[in-house]
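Have the structure open while reading.

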Amino acid sequence: ASEKEVLQLSVGEREKISFPCESLKMVSLFLSSDQDKSKTGTRVSQQPGANFSQNKILSNFPENSDDESVHSTLRKSLFKTSGYMYKNTEFKDSSVDVKEIDTYLNTSENMKEVRKEGLWRNNHHAPITKDSDFTLHRVNDGDIVSKNRTKMKSFSNTSEILDMTGTTGRKFEILRSVTEIPTQFRSIFKEFPYFNYAQSKALDDLLYTDRNFVICAPTGSGKTVMFELAITRLLMEAPLPWLNIKVVYMAPIKALCSQRFDDWKEKFGPIGLSCKELTGDTVMDDLFEIYHAHIIITTPEKWDSMTRRWRDNSLVQLVRLFLIDEVHVIKDESRGATLEVVVSRMKTVQSSLGRLLENHDIVPPLRFVAVSATIPNAEDIAEWLSDSKMPAVCLKIDEDQRPVKLRKIVLGFPCSDNQTEFKFDLTLNYKIASIIQTYSEQKPALVFCATRKGVQQAASVLAKDAKFLLSIEQKQRLQRSANSLKDSKLRDLLMYGVAYHHAGMEISDRKIIEGAFTVGDLPVLFTTSTLAMGVNLPAHLVVIKSTMHYVGGVFQEYSETDILQMIGRAGRPQFDTTATAVIMTRWSTREKYIQMLNGADIIESSLHRHLVEHLNAEIVLHTVTDVTVALEWIRSTFLYIRALKNPAHYGFSSELDKIGIEAKLQELCLKNLNDLSSFDLIRMDEANNFKPTETGRLMAWYYIAFDTVKRFFTMKGTETLNELIAMISNCTEFLDVKLRINEKKILNTLNKDKDKITIRFPMEGKIKTREMKINCLIQAQLGCIPIQDFTLTQDTGRIFRNGLRVT
């Protein structure tokens, strides 16, 4: 059926082709083939459960309809639709004949071949009964009932079952059963009976050894379960009661931490482990609770500031398992260095404890498990995390193991030289409707925009341009959601099946929108890139509208991490077997993004850019006491590993050998040490030993940037209050506060207004910089002037959290 016809089905006809998912589980197992390589451009037909819903968006299936006619209608229509062509792409469809599948399922020959190929290869696997051959597998949501009437969940991963039939051409691998987990920990994995391909492959190393482990796998391949396996291993080895066990889980974004905290509190609470979240939002009074928690969930920055106090804090010495999520963030210029230093510090703490305690057996080993998106040089991360006794295991899972096959499309749009970024961004709004029509297959779509205002504009344009077919029930549910929204603009849009979502909205509104999108009532959601980082809202189609975003008053390209995170939201394992990601960019940058999606860039370190602050912190901690130790510390970093392999990236000559590169790193170290010494942050004695000064201690303790410290050294002590506020407003610590166009009116009123209460020291002219905004908000807060804007209140909170450290 052409798209138009599908869109125009009347409600009656659409209801006819709703169907129970159980009846077709056999067919759908074979609808995803691993020959679906993007090079050849074949697209595999969808899992039927996803294609034919009563309405535009996937709806709930009837519980127990056994009507034969429903099944046959579906079978006919199932293979017809897979023939339709997509505009703007070279993807052609390969559909599968039902008869072939049926005969395939019934051939006893095939089963014999499979058995020969080694179904029983590993003796400690649970035997697979004849009944379960095609029905036991990784599960997620929505129950189905197998032939022997045991209740299971519907499948999210079709490729593993294909392994059993040998149709993928890959060497046969068996899926491991959850029954391998000791009974008392089995509840952690109660959501599925079998581990998926990636998890099964990692299971032996994670569960039966203590080796450090790096796994490089596409988004959506069940990496969280791998962390849970490592925790299970620790619990199996550690004697009860688990008093002195600490597990640290570190993720780059607060939203990811919150998600993990909610999830793990539920899973590990019942078996006696307590979790504690430690992020920028945590108040330091919670330290007592953190001391008593078993699992600490934190960000690199927060763990860094905690461990800078580790000598009087035996907490850090108790950490037995260190889990690093999204380890590829190490190449992020602003945050990667912190991640790298924290891990290197944990390694150093471990080895210095070993030196302090002569008997090495007393020191419990510290295990690292790191997870990364698909990167070409995962081996470098593994080399960095290896300890002296044992190299780390590095496991790479191919893109074709992604439970949901992802089709990536980069569309370039012409952009004339006189067009500003804003103008170009606006022109893209009018292209969204056709992209959604072409690629969404009437399933949920998520569109990422550069700014909060852009999100609202794009949503309004689409609501005018497109009409979505919604069932009566969906309309009623959307109406109920709309009635509870505080934002009136959003209320109107929601009835068109369009909504937006960003961090500046009321939390209650965000939750309502997330709920409507998750259940499939909302066809299109527009959001800012920050959502990609945390909230898990998978969609069938992800569109990145423009690859530039607005940061600190200027437009800049998204980082690769941002792009991968956004694309990672494509594909809902419980509903889809394929998904699509579309990047909309300028014609001139199209090639760059095609390259990025094909092989991701090599990950480099960015520690050399922030070395001075981190060196000072290590000296304050006495981790680094002299030049020799400083070089030894550098050797424990990822910077060292990459500098040996790619010296040019770090500004060294590519002709240098290992000794030459080490000398250069030592030189870089000495330059930074001299900078610290010239501002009296450290002192060196004749024997070249370092001692921190009181100022250096404060800089490390309060996590203050070197540039800010230099600024403070210009103070004379005679400054007025007004001058002090202006000085603080200029500190590096506030770089992430942005000045948004729509805030200027409120800020200018706070600054000067004859009819209202204004700030104590008004600034000259209009407010047009980030520093002026910060100054204005500090004064408003100290002057108890109420600010009637949610985003500005959020920013004020952030300014005061950082301001307390700085001052």
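At 45% relative accessibility, Lys 645 counts as partly exposed. The model is a predicted one, and the structure holds 31 salt bridges.

**Glu 383 and Lys 645**
- The side chain of Lys 645 meets that of Glu 383 in a salt bridge, with 3.1 Å from N to O.
- This pair links distant parts of the chain, 262 residues apart: Glu 383 sits in helix α15 (residues 378-385) and Lys 645 in helix α27 (residues 638-645).

**Arg 642 and Glu 604**
- Arg 642 and Glu 604 form a salt bridge, and their closest N and O atoms are 3.0 Å apart.
- Arg 642 lies in helix α27 and Glu 604 in the loop between α24 and α25 (611-620), so the pair ties together parts that are 38 residues apart in sequence.
- Arg 642 has a relative accessible area of 6% and is therefore buried.
- Glu 604, at 9% relative accessibility, also counts as buried.

**The network**
- Salt bridges link Asp 380, Glu 383, Glu 604, Arg 642 and Lys 645 in a network.

**Glu 557 and Lys 592**
- Glu 557 forms a salt bridge with Lys 592, and the closest N and O atoms are 3.7 Å apart.
- Glu 557 is in strand β18 (residues 554-557) and Lys 592 in helix α24 (residues 590-599), so this pair links distant parts of the chain, 35 residues apart.
- Glu 557 counts as partly exposed at 26% relative accessibility, and Lys 592 counts as partly exposed at 41%.

Definitions and conventions:
Residues are numbered from 1 along each chain as its sequence is written. This is a predicted model: local features need pLDDT of at least 70, side-chain atom pairs count only at pLDDT 80 or more; totals for chains, interfaces and linings use all residues. Side-chain values use heavy atoms; hydrogens and water are left out. A salt bridge is a side-chain nitrogen of Lys or Arg within 4 Å of a carboxyl oxygen of Asp or Glu. Helices (H or I, at least four residues) and strands (E, at least two) are DSSP runs, numbered from the N terminus. Buried means under 20% relative accessible area, exposed over 50%, partly exposed in between (1.4 Å probe, protein chains only).
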